[in-house]
Amino acid sequence: MFGYFLLIIVTLILWGTAYKFSGYDLFTPVSLFLIGLLLSLILATVGFASWNNVELTGQTVGLIVLGELAFAVTALITFRVYCKKRIQEVAGASVKIKTVSYYSYETPVWKYIVLIAILLIAIIVRIYETYKIGYELGLDTGSYFSLSHEIREKYAIFMSSEAIKVNIGYSFIERQLEKVFIAVAYVGAFLLAKQIIKRSKMINLILSIAVVGMSFLLMVIINDRGDILYVTISIFVFYALLAYREGRSPLEVSRTVVKYILCIALIGIVAFYLLSFLMKRASNGGFIDYISFYFGCPIPGFQRIIDSGIQPNEIPASYTFYYLYAFGYKIGLIEHLQNYSLSWVQFGEHFSNVFTCFARYYFDFGVLGMICLTAIASCILTLIYCLARYEHGLMTVMITGYLTPLIFDMAREEFIFSRIISVNYIMIIIIIILTALFCNKKFSIRMNGHNKKYELEDN
């Protein structure tokens, strides 16, 4: 267990340093990245009471520390260089950013109804197609969630690459509806955070909660708990960005949200565990065993695949840039593509296919490549966050709200290069932005101040 305790200490020191030097902002990419790793390490240590019997070698500890340092150092350099320059520009501008309000962004009731209608259509289509596919495959259609689980095991990209092709699994229309509903979920999270900040009419708050609640229901129907976690985190990210725009300090915002995060986390963890029974993913272990494995297995799993190796990479760099190759496979440029999972490893009765974000970089490009790609991801994510925090443009705020929750989960899996850099995810981001624009009342684009900043303004 020495390796885990050493990593916990190093990660805690790095997080404290990053938190201080980023101005006590809890939601910077580096802060969330290190919190995710810290939580994973703590739960892996808890796992020694049941499923975890993997000791970390010096090599694995060194790789994790190098990855953390690459992300943290790059993030702090990017944050300090960009933000220092931006703060100087704001100080000399005719209009200070903190005095500009989001109050001009308003959503009419009928547009909330449109969002709810889209979610309702997506629910109906998903349930219909699930039963249709089950019938065609001759599966037991008695229990919806049992059927959904069987179809997921057959067609999910981490099990097989076949479903990437059109007309295999769910229909083209259903897949596009999935993109739209994800966009609606994140816009709903933004609207909810906006109503909380603004303390607007009760009807707007209720409708925002309804949009987010129906999005969560659809995620359960789709058999995807991960997106529930991401959208929940995005609500806090949007809240923080909106609060900063209103002139509140990061430390004040952090103190405000932490108590709510802790309460929601306790409820969410219990709900997450209970959903495992509904979605047919429960194990024979108890509550602590299940939760500690789900969030704590990546680093022990990374050690396992370093020891045993993984299947040879059939296409160069396809572990890291999987979805780019998946698009080529989809349109017929590539004849064969392995599934998304690097490997599967067993811990007692549990099986895992997540090995931290570092694993894909390491097995594709070695130690130097892992360091470089981690640094590049850190720089890109931090720059986007800085733009959202200091420029306050609607587009960058929505992109940040979508990407930032994924950073927390990079302790489990890689997202930036293997997923986000793809046609599907870029389409989702575009739909998120268009949906956010749609939800505003009539707007115009105007230039504001000496810093050439664009913002939405009601007519």
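Modeller: Here are the terms, each set against its definition.

This is a predicted model, where local features need pLDDT of at least 70, side-chain atom pairs count only at pLDDT 80 or more, and totals for chains, interfaces and linings use all residues. Residues are numbered from 1 along each chain as its sequence is written, and side-chain values use heavy atoms, leaving out hydrogens and water.

Colleague: Why does the span of helix α9 agree with its number of residues?

Modeller: A helix here is a DSSP run of H or I, at least four residues, numbered from the N terminus. The expected span is 1.5 Å times one less than the number of residues. Helix α9 has 29 residues, 250-278, so it should span 42 Å. Its end C-alpha atoms are 39 Å apart, which agrees.

Colleague: Where is the kink in α9 centred?

Modeller: On V257, with a kink of about 30°. The bend is the angle between axes fitted to the seven residues ending at a residue and the seven starting there.

Colleague: Why does C297 count as buried?

Modeller: Buried means under 20% relative accessible area, exposed over 50%, partly exposed in between (1.4 Å probe, protein chains only). C297 has 2%, so C297 is buried. C439 has 0%, so C439 is buried too.

Colleague: Which residues of α9 are buried?

Modeller: Among them are P250, V257, F272 and Y273. Their cover includes α1, α7, α8, α10 and α13.

Terms used:
Helix = DSSP H or I, 4+ residues; strand = E, 2+ residues; numbered from the N terminus. Contact = heavy atoms within 4.5 Å.
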